[in-house]
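Student: I am new to this structure and would like to learn how to read its features one at a time. Could you take me through them slowly?

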Amino acid sequence: MKYRALGETGLQVPVLSFGASSLGSVFREVDPAEGIRTVHTAVELGMNLIDVSPYYGLTKAEIVLGQAVRELPRESIILSSKAGRYGEDTFDYSTSRIIASVDESLQRLQTDYLDILLLHDFEFVPWEQVREQALPALERLKQQGKVRFTGLSALPLSAFRRALADEQTQIDVVLSYCHYSLNDSTLLELLPLLEQSRVGLINASPLSMGLLSQRGTASWHPADEELKRVCKEAAEHCAARGTDIAKLAVQYATSDERIPTTLVSSASPDNIRRNAAWVEEPIDRELLDEVLAILAPVQGRTWPSGLDEYQESGLGGGRA
């Protein structure tokens, strides 16, 4: 497994990291024993950055991950969790709740500190509250030694632009998802600002939440019908060439040196082994060019997420 620097945190992170949302049975019912085996397999393969949230499976993912973590040397993993989102429409960014949330996560994860703490989907919370309550909570948690590095997660790239334009925003990392994949490379537009702000980057969802799948997307997926159709066409083209589009997508997301790490989520040890093996194989450049050509009409197309104040025109984040 290759490793890259995560901003100026001093952390060396694997190009492919483990997203623990699957442990919460968010995609299918997962036996905790299988989830624990998957975590151990990921770490054995060098995928030692693990990201989770109390929102995933309504704390189940953290509980299962905690059972896996207690069997590993704590210094062998980089543990990232989140705070602020606790249900589909349940957000609480008050200082007291963020601090209490971390204490609860530490208990579930069976550890006494987090390497990274992210404010989860902050685009659903007014920026004034993020700035006045949640960000000071992050600083307090750092001072208490419960958190080493802090950051923000969101879908709209414009939300990160809004946050980083505020002088009071003191963070180490951002987690962006669905903006560096075969069908959407707009995350590259954010890189100069992240470098200027000395902020590290975690990329997530190289399959665009299932858009890049021959099975087609789930009914809940927020993409428009044309985007779903074109992505499925690209997946079928890969299948006709004898390749799973997931392989091409993972290789594409991890091949750019400017993207420190990309999260993939699975509760299957075999799937994790397969993903890790893909990273070591050379990418099929001819197939990549063909797939990018198919996806060109929808390249960079995204969907709205969060409050209107984070959707300002001209701030980037892809085309709606």
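**Reading helix packing and charge pairs**

Tutor: The axes of helix 1 and helix 9 (residues 269-280) come within 8 Å and cross at roughly 20°, where axes are lines fitted to C-alpha atoms, for helices over the stretch in contact, and angles run from 0 to 180 degrees between N-to-C directions. Helices (H or I, at least four residues) and strands (E, at least two) are DSSP runs, numbered from the N terminus. This is a predicted model, in which local features need pLDDT of at least 70 and side-chain atom pairs count only at pLDDT 80 or more, while totals for chains, interfaces and linings use all residues. Residues are numbered from 1 along each chain as its sequence is written, and side-chain values use heavy atoms, with hydrogens and water left out.

Student: How are helix 1 and helix 9 oriented to each other?

Tutor: Two packed helices are described by the angle between their axes and the distance between the axes. Helix 1 and helix 9 are therefore roughly parallel to each other, since angles under 35 degrees count as roughly parallel, over 145 as roughly antiparallel, 65 to 115 as roughly perpendicular and the rest as oblique. Their contact (heavy atoms within 4.5 Å) is made by Glu-34, Arg-37, Thr-38, Thr-41 and Ala-42 of helix 1 and Pro-269, Ile-272 and Arg-273 of helix 9.

Student: Which residues of helix 1 and helix 2 meet?

Tutor: The axes of helix 1 (residues 32-44) and helix 2 (residues 60-69) come within 9 Å, crossing at roughly 55°, and the two helices are therefore oblique to each other. From helix 1, Pro-32, Gly-35, Ile-36, Val-39 and His-40 meet Val-64, Leu-65, Gln-67 and Ala-68 in helix 2.

Student: How do helix 8 and helix 9 cross?

Tutor: The axes of helix 8 (residues 245-255) and helix 9 come within 9 Å and cross at roughly 55°, which makes helix 8 oblique to helix 9. Where they meet, helix 8 brings Ala-246, Lys-247, Val-250, Gln-251 and Thr-254, and helix 9 brings Asn-275, Trp-278 and Val-279.

Student: How many salt bridges are found in the whole structure?

Tutor: Side chains of opposite charge can pair when their charged atoms come close. A search of the whole structure finds 26 salt bridges, each a side-chain nitrogen of Lys or Arg within 4 Å of a carboxyl oxygen of Asp or Glu. In one of them Asp-121 pairs with Arg-85, with the closest N and O atoms 2.6 Å apart. This pair links distant parts of the chain, 36 residues apart: Asp-121 lies in the loop between strand 8 (114-119) and helix 4 (127-143), and Arg-85 in strand 6 (residues 85-87).

Student: What is the mean pLDDT of the protein chain?

Tutor: The mean pLDDT (the predictor's confidence in each residue, from 0 to 100) is 95, and 97% of the residues reach 70 or more. Over residues 314-320, however, the pLDDT is below 50.
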